[in-house]
Amino acid sequence: MFNFIKKQFIDIIQWENPDEETLVWRFPIADQEIQNGASLTVREAQMAMFVDEGRTADVFPAGRYTLNTQTLPILTYLKNWDKLFQSPFKSDVYFFNTKQQLGRKWGTAQPVTVRDAEFGAVQLRSFGMYSYRIADPEKFFKEVSGVVESYTGAQLEQQLRNLAVTQLATAFGTSGIPFLDMAANQVLLSQQLTGLLAPEFAKLGLTLENFTVESISLPENIQKALDKKISMGIVGDMGKFAQYQTAESITMAAQNEGGLAGIGAGLGVGAGIGQTVAGAMAGMMQPAAAGAAAAATATAAPAAAEDPQAKLQKLKGLLDGGLISADDYEKAKAEVLKQLIN
């Protein structure tokens, strides 16, 4: 009788100072017993659950409760209490932090291989943010935390990130969006991933509040290949590109010391070289027969360049086309006429 009187009974149960990172906290009972009629205080963004020898019992949302057989029907059933039982009792009490866990990061530690409609199989990297909260304490206790003194968000992070990466390939593969358009459709991808992940979070007793895709990228070697493909698309018509390159070369030559008249046999040779380059490029783009004809034309060009009259005609054509200045034209013409007189 004396030992019974000396026992200390718990008459107030509450989680006064929860920290942001702790998701689950067990109220310290030790060898004490809970007084029948004790007070349970559950604050906002909290839930409390009684656990009897590892078996989940009654769950309480925010509020203040008087503990007795009426407010603890499941625990009463598990312990086979008589409805008039008034003695103190032992039970584990767990508090759950139901605040929204914001700003959680996810990302792919290794590239994820997905099938793209344009590039075939590609390896993607991606990262973003998500937020969640505990919605079902009983399920979370059974599936995640178990019998512990406390359980933190840091302990849960890796498992949730793995869930996100697992569903990433499925979301990319079923989206039907080519990789080049993914950057412009990150909102749509975020919505698809949210739809895929929400049921997986629910299995753990969690509600997925938000999930965003912030970046999608390719490994460096694949990105270089993509950049090359984009550059080739920008170049477009190779024939026009060759003509543009030839004209640029002539303009640069005109700006050199001595002008066009100071480069070898004059601008006529330069024009011949331009024709040769254009012919060679055309040969690359046309069938073998057309290539042979272009080669014959390129071979005949230097011979025509030896005729002073032909040189003068080409010079006049370049002047009329605005490719050389009048001053360069006069200098080059003087050189050709000097060769003709000599």
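Residues are numbered from 1 along each chain as its sequence is written, and side-chain values use heavy atoms, with hydrogens and water left out. Because the model is predicted, local features need pLDDT of at least 70 and side-chain atom pairs count only at pLDDT 80 or more, while totals for chains, interfaces and linings use all residues.

**View 1. Arg55 pairs up with Asp52.** The two form a salt bridge (a side-chain nitrogen of Lys or Arg within 4 Å of a carboxyl oxygen of Asp or Glu). Here the closest N and O atoms are 3.0 Å apart. Asp52 is buried, at 5% relative accessibility, while Arg55 is partly exposed at 39%. For these labels, buried means under 20% relative accessible area, exposed over 50%, and partly exposed in between (1.4 Å probe, protein chains only).

**View 2. Arg133 meets Glu209 across two strands.** Their salt bridge comes in at 2.7 Å, N to O. Arg133 sits in strand 10 (residues 120-134) and Glu209 in strand 12 (residues 206-217), so this pair ties together parts that are 76 residues apart in sequence. Strands here are DSSP runs (E, at least two residues), numbered from the N terminus. Both partners are partly exposed: Arg133 at 26%, Glu209 at 34%.

**View 3. Glu200 reaches Lys203.** In this salt bridge the closest N and O atoms are 3.5 Å apart. Lys203 is exposed, with a relative accessible area of 51%; Glu200 is partly exposed at 22%.

**View 4. Glu21, Arg104 and Glu157 join up.** These residues are linked in a network of salt bridges. By the same cut-off, the count comes to ten salt bridges.

Conventions: Helix = DSSP H or I, 4+ residues; strand = E, 2+ residues; numbered from the N terminus.
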